[in-house]
Amino acid sequence: MTSAATPKLWPKPAIATKVFHWLNIISVAIMLTSGLQIYNANPVFGGRAGWHIPPIFGLGGWLAGGRDWHFAGMNLFALNLLWYGVYILATRRWKIRYVGCNDGKALIQGKNPKRKVYALHRLVYTAIVPVLLLAILTGLGMYKPAQFAWILELFGNDWQVLRTVHFLTVPITLVFTALHSTLALRAGGSRLVESMFW
């Protein structure tokens with residue numbers, strides 16, 4: 001009975017969603033570790049004498065290697081977000097993935113705890129989108145400051161502000177990952193989380 005009902009509960013987090021999640025894990029891991037390698041070459045906080053990350057957490061071995069890996073991860077991440085955005089729009093899944101007016105009502109006035117979890121999950125899922133776009137935007141601004149001078153201008157022509165904002169998208173994304181996983185577990189249990197990967 002359960003196995004027959006499962007496909008109806010999650011029609012197809014099949015291939016598209018699974019590929020999206022796996023590529024996200026791979027690209028974020030590459031960007032995070034290579035980003036730490038870049039950070040160590042010139043820390044965002046405290047200048048060259050600032051706080052350093054233990055080298056074991058870095059990827060690339062040196063600054064140029066870290067940059068190469070970082071750009072590779074960034075390209076994979078950006079393309080993955082792009083195709084998933086097209087997929088969400090084409091399949092109209094944005095209606096159930098992202099927050100709507102009813103979710104606000106459910107959070108404020110709702111009595112159903114499960115419905116509140118769904119609403120909170122959609123709120124968190126929606127809130128991460130501008131953060132990810134900001135990470136890409138600030139990354140492009142640092143990568144090609146001459147070609148994308150307008151990005152630097154958005155941050156008051158202050159390179160340190162640009163770097164700090166880019167750096168701060170990392171802990172925000174890690175917090176999102178923890179919240180996203182926890183709320184998915186609460187909403188659909190381990191079967192839902194497992195279905196995203198296996």
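These legends accompany close-up views of one predicted model.

Residues are numbered from 1 along each chain as its sequence is written. In this predicted model, local features need pLDDT of at least 70, side-chain atom pairs count only at pLDDT 80 or more, totals for chains, interfaces and linings use all residues, and side-chain values use heavy atoms, with hydrogens and water left out.

**View 1. Confidence along the chain.** pLDDT is the predictor's confidence in each residue, from 0 to 100. The chain has a mean pLDDT of 82. A value of 70 or more is reached by 85% of its residues. Helices are DSSP runs of H or I, at least four residues, and strands are runs of E, at least two, numbered from the N terminus. pLDDT is below 50 over residues 1–12, a stretch with 9 contacts in the model beyond near neighbours in sequence. Contact means heavy atoms within 4.5 Å. Where pLDDT is low, the predicted coordinates should not be read in detail.

**View 2. The largest nonpolar core.** A nonpolar core is a set of buried Ala, Val, Leu, Ile, Met, Phe, Trp, Tyr and Cys residues joined through side-chain atoms within 4.5 Å. Buried means under 20% relative accessible area, exposed over 50%, partly exposed in between (1.4 Å probe, protein chains only). The largest core has 19 residues. F77, Y84, Y125, I128 and F176 touch the most other members. Two or more residues each come from α2 (15–41), α3 (63–90), α6 (113–143) and α8 (159–195). α6 gives the largest share, 7 residues. Leaving out residues up to four places away in sequence, F176 touches V124, Y125 and I128.

**View 3. Helix α3 and its end.** The expected span of a helix is 1.5 Å times one less than its number of residues. For the 28 residues of α3 that gives 40 Å, and the end C-alpha atoms are 40 Å apart, so the two agree. Buried residues of α3 include G65, G66, H70, F71, G73 and M74. F77, N80, Y84, Y87 and I88 are also buried in this helix. After α3 comes R92, with a positive phi near 60°.

**View 4. Q37 in helix α2.** Q37 lies in α2. Q37 counts as buried because its relative accessibility is 13%. Not counting residues up to four places away in sequence, Q37 touches G58, L59, G60, G61, W62 and G66.

**View 5. The second largest pocket.** On a 1 Å grid over the protein atoms alone, a pocket is an open set of points with protein on both sides within 12 Å along at least five of seven lines; a 1.4 Å probe defines the points, and lining residues have an atom within 4 Å of a point. The pocket volume is about 990 Å³. Its lining holds 34 residues, and G35, I38, H70, M142 and H166 are the closest to its centre. α2, α3, α6 and α8 each supply at least two lining residues. α8 gives the most, with 9.

**View 6. N157 and W159.** N157 sits in the loop between α7 and α8. Its phi is positive, near 55°. Most residues other than glycine have a negative phi. N157 counts as exposed because its relative accessibility is 53%. W159 is in helix α8. W159 is partly exposed, with a relative accessible area of 38%. Setting aside neighbours within four places in sequence, W159 is in contact with G141, M142, P145 and L152. The C-alpha atoms of W159 and P145 are separated by 9.4 Å, and the two residues are 14 apart along the chain.

Note on methods. Points joined across faces, edges and corners; volume = space filled by probe spheres on them.
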